[in-house]
Amino acid sequence: MITDNGYTNVNPTALNQVLQTSPAGTLTQAETDGLLFMREEEKLAHDVYITLGKTWNVNVFNNIPNSEQTHMDAVKTLLDRYGLADPASSEIGVFKNADLQKLYDQLIADGSGSLASALKVGALIEDMDIVDLEARIAQTDKADIILVYQNLTKGSRNHLRAFVKTLKNQT
């Protein structure tokens with residue numbers, strides 16, 4: 001779902017209704033790894049935007065974290081469906097995946113210097129999400145996972161456009 005502001009939200013009720021129409025099946029290791037990674041990667045986006053939003057009070061950093069929360073929730077629905085433990089910490093800026101922890105720390109440092117840098121960090125995150133989601137789609141044949149990943153990809157494209165538009169307007 002796209003809001004009037006162009007931000008994306010995943011409706012959990014609608015998602016659960018769709019997921020109930022197809023069997024869960026058994027995950028491959030690549031699918032398991034993908035779900036766990038994407039849960040934390042969506043958290044990375046959420047946490048970076050929350051943190052940078054405290055420094056740069058612009059709408060894109062105030063609105064997109066809400067969308068990212070719905071993206072995290074969508075992946076969490078899949079984790080629950082497949083009985084996988086949630087790797088996401090409830091603490092902002094804390095990640096189980098060491099690579100994502102390092103990336104978070106670097107992105108916060110990069111985005112703290114200027115508003116333009118912060119907006120570029122947002123665009124980079126969304127671009128990275130798109131690439132990672134497309135790679136994960138190619139690793140699965142599960143309709144439920146593909147559905148969620150495709151919707152998250154659409155959301156990332158909308159968020160990327162919002163960051164680019166804001167960057168153009170601010171610079």
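Buried means under 20% relative accessible area, exposed means over 50%, and partly exposed lies in between, with a 1.4 Å probe and protein chains only.

A word on the model. The structure is predicted, and local features need pLDDT of at least 70, side-chain atom pairs count only at pLDDT 80 or more, and totals for chains, interfaces and linings use all residues. Residues are numbered from 1 along each chain as its sequence is written, and side-chain values use heavy atoms, with hydrogens and water left out.

Now take the whole chain. It has six helices and zero strands. Its pattern along the sequence is α-α-α-α-α-α. Helices (H or I, at least four residues) and strands (E, at least two) are DSSP runs, numbered from the N terminus. Of the 171 residues, 49% are buried. The chain exposes about 8,400 Å², and carbon and sulfur atoms supply 51% of that area. Accessible areas come from the Shrake-Rupley method with a 1.4 Å probe; for residues, only the protein chains shown count as cover.

Next, look at contacts (heavy atoms within 4.5 Å). Among contacts with a separation of 6 or more, 81% join residues 24 or more positions apart. Alanine 45 gives a local view. It sits in helix α2, residues 29-55. Leaving aside residues up to four places away in sequence, alanine 45 touches Glu68, Ile125 and Asp129. Glutamate 126 is 81 residues from alanine 45 in sequence, yet their C-alpha atoms are 7.8 Å apart.

Follow the chain to helix α4 (residues 98-111). Helix α4 packs with α5 at an angle of about 150°, with axes 7 Å apart. Axes are lines fitted to C-alpha atoms, for helices over the stretch in contact, and angles run from 0 to 180 degrees between N-to-C directions. On the α4 side, Leu103, Leu107, Asp110 and Gly111 take part; on the α5 side, the residues include Ser117, Val121 and Met128. This contact has seven nonpolar residues, two polar and one charged. Ala, Val, Leu, Ile, Met, Phe, Trp, Tyr, Cys and Pro count as nonpolar, Asp, Glu, Lys and Arg as charged, and the others, Gly among them, as polar.
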